[in-house]
Amino acid sequence: MRKPFIAGNWKMNKTSAETKEILAELKPLVAEATCDMAICVPFTDLSAARKELRGSNIKLGAQNVHWAESGAFTGEISAAMLKEQRVDYVILGHSERRQYFGETSETVNKRAVAALGSRIRPIVCVGETLIERETGHTEEVLYAQVTESLKGFKTRDFEKIIIAYEPVWAIGTGKTATPEEANETIAFIRGVLATKFSKLVAENTRILYGGSMNAGNVKQLMAMPEIDGGLIGGASLKPEEFARICNYNL
Ligand code: PEP
């Protein structure tokens with residue numbers, strides 16, 4: 001059984017003071033939620049979020065991690081630094097990182113190794129661009145992203161790894177993949193896991209959908225058998241809407 005998981009990606013939004021306010025509003029709204037939940041905040045908000053989330057059912061997440069333990073990597077953050085802030089999840093290889101900051105599946109892999117080494121669960125993002133989909137390259141792109149980002153991991157590592165399928169053309173655009181499209185593509189990713197790792201890994205790994213998921217479409221998306229949850233951008237900044245997403249089955 002794969003427990004549903006809803007994670008918010010705040011991207012580069014909100015100050016620490018705003019973080020405290022939003023999370024204080026969100027906590028009671030999701031107190032009865034039955035899915036796993038996390039909010040992935042900017043690095044500077046981690047401390048405020050950690051304090052605000054203490055004792056709640058919402059876990060804390062970050063949006064990236066460097067692979068080295070320490071050293072001359074100006075502007076980067078290590079896994080030990082995140083762990084000290086009680087971070088449980090880290091988003092890796094988000095399409096915005098791939099698109100604007102030169103992130104590759106090879107560096108995603110190194111970051112995932114570092115995260116797991118500090119007992120932080122990586123949320124590994126994969127997804128095709130519009131042109132890749134339209135030219136019939138979706139499967140080839142996803143195959144490469146999944147196998148390269150997850151290279152070398154063992155069955156037990158997959159107990160902690162989460163995959164987020166985020167078609168780039170659906171992120172922040174208001175365009176959602178249809179539930180059937182998302183389901184079919186996630187089934188393909190599961191097939192890659194079965195071939196490259198094992199059937200057990202394919203059956204047990206949670207694969208989320210991300211891309212303009214909101215309170216209006218969550219039920220249809222979550223009704224799909226392959227979709228195990230959502231990575232939510234814009235809608236996760238609004239406590240009421242994010243709570244409606246987390247409470248989709250109540
Ligand atoms: C995201 O950034 O991971 C995302 C899915 O964004 P949005 O929900 O705003 O499309």
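1. A crossing of two helices is called right-handed if the near helix is turned clockwise from the far one by less than a right angle. In this predicted model, helix 7 passes helix 8 in a crossing of that right-handed kind.

2. The geometry of this pair can be stated further. Helix 7 covers residues 138-149 and helix 8 covers residues 179-196; their axes lie 10 Å apart and form an angle of about 45°. Helix 7 is therefore oblique to helix 8. On the side of helix 7, the contact is made by Thr138, Glu139, Leu142, Tyr143, Val146 and Thr147. Helix 8 contributes Thr185, Phe188, Ile189, Val192, Leu193 and Lys196. Sorted by class, the contact of helix 7 with helix 8 comprises 7 nonpolar, 3 polar and 2 charged residues.

3. Helix 7 also packs against helix 5 (residues 105-117), at an angle of about 35° and with the axes 8 Å apart. The crossing of helix 5 and helix 7 is right-handed. Here Ser105, Val108 and Asn109 of helix 5 meet Gln145, Glu148 and Ser149 of helix 7. By class, this contact of helix 5 with helix 7 has 1 nonpolar, 4 polar and 1 charged residues.

4. Another pair to consider is helix 1 (residues 16-29) with helix 2 (residues 46-53), whose axes come within 9 Å and cross at roughly 25°. Because angles under 35 degrees count as roughly parallel, helix 1 is described as roughly parallel to helix 2. The crossing of helix 1 and helix 2 is right-handed. From helix 1, the residues in contact are Ser16, Thr19, Lys20, Leu23, Ala24 and Lys27, and their partners in helix 2 are Ala48, Ala49, Glu52 and Leu53. The class count for the contact of helix 1 with helix 2 is 5 nonpolar, 2 polar and 3 charged residues.

5. The largest pocket has a volume of about 540 Å³. Its lining consists of 19 residues, and those closest to the centre of the pocket are Lys11, Met12, Gln63, Arg97 and Phe101. Helix 4 (residues 95-100) gives the most to this lining, with 3 residues. The lining of the largest pocket divides into 9 nonpolar, 6 polar and 4 charged residues.

6. A search of the whole structure finds 1 cavity of 30 Å³ or more, and the volume of the largest cavity is about 40 Å³. The residues lining the largest cavity are Gly93, Ser95, Arg98, Cys125, Val126, Gly127, Gln145, Glu166 and Val168. Helix 4 and strand 5 (121-126) are the elements that give two or more residues to this lining. Its composition is 3 nonpolar, 4 polar and 2 charged residues.

7. Two links between these points deserve mention. Gln145 is one of the residues of helix 7 that meet helix 5, and Gln145 is also among the residues that line the largest cavity. Helix 4 gives the most to the lining of the largest pocket, and helix 4 is also one of the elements that give two or more residues to the lining of the largest cavity.

Note on methods:
Residues numbered from 1 in each chain as written. Predicted model: local features only at pLDDT ≥ 70, side-chain atom pairs only at ≥ 80, totals over all residues. Heavy atoms only, no water. Axes fitted to C-alpha atoms, helices over the stretch in contact; angles between N-to-C directions. Helix = DSSP H or I, 4+ residues; strand = E, 2+ residues; numbered from the N terminus. Parallel < 35°, antiparallel > 145°, perpendicular 65-115°, else oblique. Contact = heavy atoms within 4.5 Å. Nonpolar A, V, L, I, M, F, W, Y, C, P; charged D, E, K, R; others polar. 1 Å grid on protein atoms, 1.4 Å probe; cavity = no way out; pocket = protein on both sides within 12 Å on 5 of 7 lines; lining within 4 Å. Points joined across faces, edges and corners; volume = space filled by probe spheres on them.
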